[in-house]
Amino acid sequence: MAKPIGKRPENFWKTLRTLLHYMGNHRFLLLAVAVLVSLSALANLLGTYMLKPIVNDYIIPRDVNGLIHAVALTACIYGAGVLSAYGYTQIMVVVAQKIVCEIREDLFHRMQSLPLRYFDTNPNGDTMSRFTNDVDTISDALNNSFAMMVQSFIQIVGTLTLIFILNWQLSLIVLLCYILMFAYIRFSGQRSRHYFGQQQRCLGRLNGFVEEMIQGQKVVKVFNHEQANMAEFRARNGELQQAATSALAYAGTMVPMVVSLSYVNYAIVAIVGGIMAINGWTDVGSLASYLVFVRQTAMPINQFTSQSNLILTAMSGAERIFELMEQEPERDEGRVTLTSVARRSDGSLYECVQNSGMWAWRHPRADGSVELVELRGDVRFDHVRFGYDSGRPILHDISLYAKPGQKIAFVGATGAGKTTITNLINRFYDVDQGSITYDGIDVRLIRKADLRRSLSIVLQDTHLFTGTIADNIRYGKLDASMEEVVQAACLANADSFIRRLPNGYDTRLSGDGASLSQGQRQLLAIARAAIADPPVLILDEATSSIDTRTERLIEKGMDSLMEGRTVFVIAHRLSTVRNADAIMVLDHGRIIERGSHDELIARKGTYYQLYTGMFELS
């Protein structure tokens, strides 16, 4: 979860160490950059120092030939510096993109491993902001700041060293000005670092709000909520403006202050140096070289301070990125895996390398043996208690069973706990008390990836990916052939409308399938579940977005899809659950009635009242 606005960024040095770890993966290229940067900086220093012999040894004695050679040597020194600068900039571009690429990969990998609870409690826009804005700030800093900071450091140290060699008395004045400059830089940097961190958090909140508004534009327009949204946007945008202004207000004073101090320093040194030259306490060549060095002292410090603003922003972005990377991943202590098996003549199972179409749970035992349990789809709840927040249970003492091939339906008002039950079957969440077994094995012992491979879910909120219709159906089985894609579409009665599209199965979808009707999108989701061919199927309001005519068209296909599978159905439309083997009526997380349609009608209880319209689901 994003940190509260106004909270100072924490663990600055920890963030720096983590970033240096990524940089350490490319230490040899960075070493080459450091060497070339050093050569460039030293060339600049040595070229400036050459003023002393040029003035003293060639200009004052009027040695034209010597002056030409000295100038040529100085040009070569500067030329070497230019070539070094070109070399390190090109290498740094490559290194920076490698580092950013690795950070993105690790960030995406960690995001993929986070539990659903994280996404339920954090705005998607804020997470996206870490992938875009925060990563971009690191990229900018690496491209522009690393080499510049090294060069500035070398120039500052080298300049101080050379001016002490040239004239240590005048250098005391310069050193005093340096101390004043760095004191102000430290003061301003501490203040701006706080606001740069706040700026990144405000930007994440603003992006989250904008993303929500883009996704919900239909709802916004239906309820004429534009003005209220604009007011909220102005408030969040104002927070970002205030944070950015405060950050840049402090950071923006660094360069002018350093420049002003350098002008004062130069004026004092020029006057005192001139007096020393008049009295013969120093030579003109040394003074000329010295004054150029003093004039240049502000440049590396200005570079240092201007790059520090970018680095502070990058560190704030890096802190948010590494903060997400440190989120606790989804725990998976399961040891039971899914394996392809075949059956011997005596009925026993054995593992086979090729896909036999038959599956079993590979259950390691404490004694080192391995038991193969046939995947049948037997799901049982035993006194399950669960709540999304501790102390606030959603499900209370739920016990139920679904034998292989049975169809179990859940009905009840919104918030009764229907979807929560299905979330527990596939271990999006784990139970607080009790247990859930799958073919006699506690689901907590089954590796999550294998557990979810054995399930297929059709959600009420259909999500389609950018790509062709065939690609979206194939998402349920990535190695499926085109023949299997068409077969799954036919099973869901989606084939007819797909073939009427301009490019059929090759029609490209974007914007979550916005060009299709809600019913068509739902049919594709059903086809996607069908192609996975799982033993257990979960239909969470799967036909809620399909009109009654379309619903009748797919009933046969759905019956074929559900044949031989354990099916859990959540439905508001009670006509869709009449043929269920067992119907569970839930109320506030408790099963208050259970039985077949005819049995529940005969009891004339809550289900009877719902079915006859005496009560309504809400």
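A disulfide is a pair of cysteine sulfur atoms within 2.5 Å. By that criterion the structure holds zero disulfides. The model is predicted.

**Cysteines**

Buried means under 20% relative accessible area. Cys202 is at 1%, so Cys202 counts as buried. Cys352 has a relative accessible area of 15% and is therefore buried too.

**Helix packing around α4**

Helix α4 covers residues 64-113. Two of its packing partners are α6, residues 124-144, and α1, residues 12-24. The table sets out both pairs.

| Helix pair | Axis distance | Crossing angle | Handedness |
|---|---|---|---|
| α4 and α6 | within 9 Å | roughly 160 degrees | right-handed |
| α1 and α4 | 9 Å | about 120 degrees | right-handed |

Take α4 and α6. Their axes cross at roughly 160 degrees. Angles over 145 degrees count as roughly antiparallel, so α4 is roughly antiparallel to α6. On the α4 side, the contact uses Met92, Val93, Ala96, Gln97, Ile99, Val100, Ile103, Arg104, Leu107, Phe108 and Met111. On the α6 side, the partners are Thr127, Arg130, Phe131, Val135, Asp136, Ile138, Ser139, Leu142 and Asn143. The residues of this contact divide into 13 nonpolar, four polar and three charged.

An α-helix has 3.6 residues a turn, so residues three or four places apart point the same way.

Now α1 and α4. These helices pack at an angle of about 120 degrees, which makes α1 oblique to α4. Leu19, Tyr22 and Met23 of α1 meet Ile99, Glu102, Ile103 and Asp106 of α4. The residues of this contact are five nonpolar, no polar and two charged. Glu102 and Asp106 are the charged pair.

**Helix α13**

Helix α13 spans residues 418-425. Is it enclosed or open? Seven of its eight residues are buried, so α13 is largely enclosed by the rest of the structure. The buried residues are Lys418, Thr420, Ile421, Thr422, Asn423, Leu424 and Ile425. Lys418 is thus listed as buried despite counting as charged. After α13 comes Arg427. The phi of Arg427 is positive, near 60 degrees.

Key
Residues numbered from 1 in each chain as written. Predicted model: local features only at pLDDT ≥ 70, side-chain atom pairs only at ≥ 80, totals over all residues. Heavy atoms only, no water. Axes fitted to C-alpha atoms, helices over the stretch in contact; angles between N-to-C directions. Helix = DSSP H or I, 4+ residues; strand = E, 2+ residues; numbered from the N terminus. Parallel < 35°, antiparallel > 145°, perpendicular 65-115°, else oblique. Left-handed = near helix turned anticlockwise from the far one by under 90°. Contact = heavy atoms within 4.5 Å. Buried < 20%, exposed > 50% of the residue type's maximum accessible area, 1.4 Å probe, protein only.
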